[in-house]
Amino acid sequence: MAMQMYIVAFNGEFTQEKSRDVQHRVKDRGGFILMVAKTGVIVAMDDSQVPAVEQHPAVSLVGGVTLNPRGYAADRLQRIFAENLSKQLEIKTE
Amino acid sequence: MPNVGAELASVPFGKMIYDMASAIARSQIALDKASISLVKVLAKTTFDYVPDVVETLTPNPRQVKNANGTPMVDGDGNPVMITGVLVTTDVGKSFPLTLLQAGVNPTFYQFTNSTIEVKMAITSTQESQNTLDVGVSVTASADFLFASGSVTSHVNFTSSNKYSYSVTGSSSMSTTLVPVPPPKNMMPRFFLVNAMDPKAISISQS
């Protein structure tokens with residue numbers, strides 16, 4: 001299985017609680033939050049965890065996305081994703 | 001005797017291929033629909049995009065102060081100056097940008113390399129055993145006037161046949177799903193009108 005980038009779209013109106021709850025579900029399943037928007041969150045997670053996130057009552061759709069390097073703000077999004085990812089990664093030293 | 005050809009002919013290859021192709025077609029449609037829904041989500045998801053941040057450095061010479069706060073001068077009475085710098089920041093006006101415009105594309109998937117594998121094992125064993133037991137006994141007696149004799153014989157024939165025939169089969173179907181770039185017809189076209197120089201407006205499509 002592979003880690004991929006997904007957008008997790010919310011059901012109905014945006015609320016902080018709903019967004020936080022969905023993000024917790026993604027985190028619990030070993031995923032990472034790359035960006036949060038009002039209609040959904042962009043996450044990186046393993047393929048096998050998609051059904052578990054999809055089953056969340058506040059989620060309407062989970063779909064794979066890719067970053068088009070020729071996009072208008074692709075480089076900036078890439079930086080945002082990398083920055084947010086780095087805050088969630090734990091580096092173990094032994 | 002088992003007829004291997006007949007057994008193989010009984011495998012419904014045509015139906016299996018049709019069922020698999022039909023399932024793939026249905027799955028492909030469902031995947032495409034999901035990806036198209038994703039295009040809508042991405043087109044609706046906006047964020048405030050700050051196009052530029054300008055930082056301007058300008059000289060800001062300052063006179064060094066003594067410990068008591070008074071301006072410091074050297075032995076000739078000249079003020080002791082340092083070259084300071086003043087940084088002013090001008091953040092460009094933000095505007096909403098959709099994730100689709102920004103460069104987040106939905107992933108489309110395509111089925112490739114579909115394989116149907118049928119394995120069949122036909123086992124046939126035949127075992128026959130025949131036993132033949134032949135026995136002859138002769139008895140004879142003789143008297144003064146009579147003589148008698150008897151001959152007895154027996155034949156035991158046993159025949160046993162064992163016949164077994166078994167056919168076992170298994171089939172497996174596999175297909176590969178790969179991500180592909182979004183089809184052009186399913187993605188909106190982006191036009192960039194560059195009007196930075198009103199005398200040379202250019203339009204480009206991406």
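In which strand of chain A is the place of Val65(A)? Val65(A) sits in strand E4 of chain A. Helices and strands here are DSSP runs, at least four residues of H or I for a helix and at least two of E for a strand, numbered from the N terminus.

Before I go on, some conventions. This is a predicted model, where local features need pLDDT of at least 70, side-chain atom pairs count only at pLDDT 80 or more, and totals for chains, interfaces and linings use all residues. Residues are numbered from 1 along each chain as its sequence is written, and chains are lettered from A and ligands numbered from 1 in the order in which they are written.

Back to Val65(A). Is Val65(A) buried or exposed? Val65(A) counts as buried because it has 23 C-beta neighbours inside 10 Å. The cut-offs are 20 or more other C-beta atoms within 10 Å for buried, 12 or fewer for exposed, and partly exposed in between, with C-beta atoms placed from the backbone.

Leaving aside neighbours within four places in sequence, Val65(A) is in contact with residues of chain A, including Met5(A) and Ile42(A), and with Val104(B), Asn105(B), Pro106(B) and Thr107(B). Contact means C-beta atoms, placed from the backbone, within 7 Å. Met5(A) is 60 residues from Val65(A) in sequence, yet their C-alpha atoms are 5.7 Å apart.

Now the strand itself. E4(A), residues 59-67, pairs with E7(B) in the antiparallel sense over 3 bridges; pairing requires at least two bridges found by DSSP. One residue along, Thr66(A) has Asn105(B) as its bridge partner in E7(B).

Next, the two chains. Chain A has 3 helices and 4 strands, in the order β-α-β-β-α-β-α from the N terminus. Of its 94 residues, 28% count as buried. Chain B has 3 helices and 11 strands, and of its 206 residues 7% count as buried. On confidence, chain B averages a pLDDT of 86, with 99% of the residues at 70 or above; pLDDT is the predictor's confidence in each residue, from 0 to 100. For the complex, the predictor gives an ipTM of 0.82 and a pTM of 0.66.

Where the chains meet, 18 residues come from chain A and 20 from chain B. On the chain B side, H2(B) gives the most, with 7 residues. That side has 11 nonpolar, 8 polar and 1 charged residues. Here Ala, Val, Leu, Ile, Met, Phe, Trp, Tyr, Cys and Pro count as nonpolar, Asp, Glu, Lys and Arg as charged, and the others, Gly among them, as polar.

Four residues of H2(B) are buried: Ser35(B), Leu38(B), Val41(B) and Leu42(B). An α-helix has 3.6 residues a turn, so residues three or four places apart point the same way.

Last, the largest nonpolar core, which has 27 residues; Ile7(A), Val8(A) and Val43(A) touch the most other members. E1(A) gives the largest share, 5 residues. A nonpolar core is a set of buried Ala, Val, Leu, Ile, Met, Phe, Trp, Tyr and Cys residues joined through C-beta atoms within 7 Å. Setting aside residues up to four places away in sequence, Val8(A) touches Val22(A), Val43(A) and Val62(A), among others.

Definitions and conventions. Contact = placed C-beta atoms within 7 Å.
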